[in-house]
Amino acid sequence: DKIKSFERFPFIAFSSGIGLAQSFEFVIDKKGYKPAPQLVKAFQNISLKKHLITYIGGIYKNRTKIALPIWITKKDADFFFNKFEECLEELNHTISQ
């Protein structure tokens, strides 16, 4: 499943949601579960440059949320999630330097 595959990134603790309404938990350390609100903000900046709108949420402001419309086509959803993955890869590259 494409959404669960995003948990391979070292800063995504887990994803949750139903259908096209999803939330991704950003952490600095998956083992110690240290919230990473600064990474969510950096991710949001990257995603906005790629014309993707995400929302920041969670008690610690370390979650990014998406809510795609229910009438979206599979092709458009695939396009969105491919762009979303590009943003995660760019963030991963940025923090790995």
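How many bridges join β2 to β5, and in which direction do the two strands run? There are 5 bridges between β2 and β5, which run antiparallel; strands here are DSSP runs of E with at least two residues, helices are runs of H or I with at least four, both numbered from the N terminus, and two strands pair if DSSP finds at least two bridges between them.

Before I go on, this is a predicted model, in which local features need pLDDT of at least 70 and side-chain atom pairs count only at pLDDT 80 or more, while totals for chains, interfaces and linings use all residues. Residues are numbered from 1 along each chain as its sequence is written, and side-chain values use heavy atoms, with hydrogens and water left out.

Staying with β5, Arg63 is the bridge partner of Glu25 and also of Gly57. Strand β4, residues 55-57, is joined to β5 by 3 bridges, again antiparallel, and in their hairpin, with 5 residues between the strands, Gly58 takes a positive phi near 95°.

Leaving aside residues up to four places away in sequence, Phe84 touches Phe6, Phe24, Phe43, Leu52, Thr54, Thr64 and Ile66, a contact being heavy atoms within 4.5 Å.
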